[in-house]
Amino acid sequence: MARVTKPMWSSLQMSFLLGAALSAQEPAVTTAGAWQRTPNGHALRAIEVPQTDAVAIAVVWPWRPLVDGGAQRALEHALAMQRAVNADAVLPAGATTQRELGDGFTVFSVVLRSASPTTAASWLEALLRPFGDCSTDTLARTLALAALAADDADWLYPGEVLHGLARRAVFAATSRATGVLGDASSLQRCGTAAFVTASALPLSAPLRVCTVGEASVGARLWLVLANVAAGPTPATIEAANWRHDGTLPIALEPHPRIDAAYVAAALRLPVPSDDSLSAAAAIELLRLRARTRFQSWRGNESLARAPFVQADFLLGDPLVMLFRRAPAEGGPEVPRRELESLLASYETTPPTAGEIAAALAVVRAELAVPPFATTLSQALSRVPASLLPRARAACLLGHFGIADAAVHALAEVDGKGLTAALLSLLDAGVWLGGLIPNTKPPLGG
């Protein structure tokens, strides 16, 4: 791969010169790290990391207004799959990409080890390009793969099956009442022509783009965004419909592919905001104590996609899921008691100073925003892969309107405040569900 030589000018000078040369009407992107708006509403932030010629880019892509939550989520997943394939095709060897589904949006990220404004612009343009140039076979394959993934999430993987059951139970009659990857049957009914049409619809809301690393890339992305029309507002996600009042019995479903029961507990998470950041640390408190009390997995929990605790605060997950597998060929009683005992333990034994310090350390590291600590700055300048988490976090924080100051204020959160945040999650009610084996393996199986 050809190496892009870093220019002799400073990144600030390059940002200004590139922007002025290509469009005298567009302001140059500053390197101070503030969010800026293009004339058509897109948000862009360029965070400069000295002494690196690599760059990470994250894009938050808002979904269109939701009508049928299951069909919408499945379609957005399929669109994201094909957009990612198209964008990956223009990248040089050594680039790292990822895509993630959030609550009403998709996140696309890339790391370019040699920051090329031209390559970055081509990647973003490929994400935005409709699928009209794709072959019918390519589009049919993408639809089939997305439908298969949605179907597997609804019946094959115990963790995702339970997650879907929880969403349908506690968010009944809202767009969140859907499986992890939406309704597979809706994609099976979607032809390639309709898929192309969906890809060509204009954005219903502006994009949010963040770069971390070599800052000259930001000016070129600004010019791409300035030519992309977008609607004024993102899709609206209905308010939570938390139906569990603490009296419902555990919901048990048979499953043909397990040899021991799985039980899950679901807690309601608040929408990310300046005031709810402590909920991210509360999730870490759950993870810490779950690892301490459960100690080890009992079977194929990793293959079952059923970790002890699962939630991504920055993706706007509306639920935090807790999973526990029964001992070999066991029923749901043991894992249910273990989950209930874990949740009850925070009432009888509040988090220790060590647990609180560890939880806050994890969250502050995951959400770190400028100005970065010296050790982090050094890592960012030396390890290109470390730039992606910073671009992703900054972009998602911006999506939810969370200020850098609120992230830095986590350093001032004390044990009392964090314990209160955790207990508020528990006080909202807990949904319990489980999967039980409905077949026995044949003799010798």
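## Helices H2 and H3

H2 and H3 are roughly antiparallel to each other, because angles over 145 degrees are counted that way. The model is a predicted one. In it, helix H2 covers residues 69-88 and helix H3 residues 117-128, and the two pack at an angle of about 150°. Their axes are 8 Å apart, and the crossing of H2 and H3 is right-handed.

The contact between H2 and H3 involves Arg83, Ala84, Asn86 and Ala87 on the H2 side. On the H3 side, the residues that meet them are Trp123, Ala126 and Leu127.

## The chain as a whole

The chain has 445 residues, of which 53% count as buried. It contains 15 helices and 11 strands.

Among contacts in the chain with a separation of 6 or more, 82% are between residues 24 or more positions apart.

## Helices H9 and H10

Two packed helices are described by the angle between their axes and the distance between the axes. For helix H9 (residues 278-294) and helix H10 (residues 333-348), the axes come within 11 Å and cross at roughly 125°. That angle makes H9 oblique to H10. The crossing of H9 and H10 is right-handed.

From H9, the residues in contact are Leu285, Leu286, Arg289, Ala290, Arg293 and Phe294. They meet Glu338, Leu339, Ser341, Leu342, Leu343, Ser345 and Tyr346 in H10.

Strand S3 spans residues 55-62 and is mostly covered, with 8 of its 8 residues buried. In a regular strand the side chains alternate between the two faces of the sheet. In S3, Val55, Ile57, Val59 and Trp61 point one way. Ala56, Ala58, Val60 and Pro62 point the other way, and the residues of both sets are all buried.

S3 pairs with strand S5 (residues 105-112) in the antiparallel sense over 8 bridges. The pairing of S3 with strand S6 (residues 208-213) is also antiparallel, over 6 bridges. Ile57 can be followed into both partners: it stands opposite Val110 in S5, and its bridge partner in S6 is Thr211.

## The five-stranded sheet

An open sheet is formed by 5 strands in the order S7-S11-S8-S10-S9, with mixed pairing. Its edge strands are S7 (251-255) and S9 (309-310), each of which pairs on one side only. S9 pairs with strand S10 (residues 319-325) in the antiparallel sense over 2 bridges, and Gln310 stands opposite Met321 in S10.

Helix H5 (residues 158-170) lies across S7, S8, S9, S10 and S11. Relative to S11 (430-437), H5 runs at about 140°.

## Strand S8 within the sheet

Strand S8 comprises residues 262-268. Of its 7 residues, 7 are buried, so S8 is largely enclosed by the rest of the structure. Tyr262, Ala264, Ala266 and Arg268 point one way from S8, while Val263, Ala265 and Leu267 point the other way. Both sets are buried, Arg268 included.

S8 and S10 are antiparallel and share 7 bridges; across this pairing, Val263 stands opposite Arg324 in S10. S8 is also joined to S11 by 6 bridges, and these two strands run antiparallel. Ala265 stands opposite Leu432 in S11.

## Leu143 in helix H4

Leu143 lies in helix H4, which covers residues 136-155. Its relative accessibility is 6%, so Leu143 counts as buried, the cut-off being under 20%.

Which residues does Leu143 touch, not counting those up to four places away in sequence? They are Ala78, Leu187, Cys190, Gly191, Thr192 and Phe195. One of these, Ala78, falls within the H2 range of residues 69-88. Leu143 and Ala184 are 41 residues apart in sequence, with a C-alpha to C-alpha distance of 9.5 Å.

How values were computed. Residues are numbered from 1 along each chain as its sequence is written. This is a predicted model: local features need pLDDT of at least 70, side-chain atom pairs count only at pLDDT 80 or more; totals for chains, interfaces and linings use all residues. Side-chain values use heavy atoms; hydrogens and water are left out. Buried means under 20% relative accessible area, exposed over 50%, partly exposed in between (1.4 Å probe, protein chains only). Helices (H or I, at least four residues) and strands (E, at least two) are DSSP runs, numbered from the N terminus. Two strands pair if DSSP finds at least two bridges between them. Contact means heavy atoms within 4.5 Å. Axes are lines fitted to C-alpha atoms, for helices over the stretch in contact, and angles run from 0 to 180 degrees between N-to-C directions. Angles under 35 degrees count as roughly parallel, over 145 as roughly antiparallel, 65 to 115 as roughly perpendicular and the rest as oblique. A crossing is left-handed if the near helix is turned anticlockwise from the far one by less than a right angle, and right-handed if clockwise.
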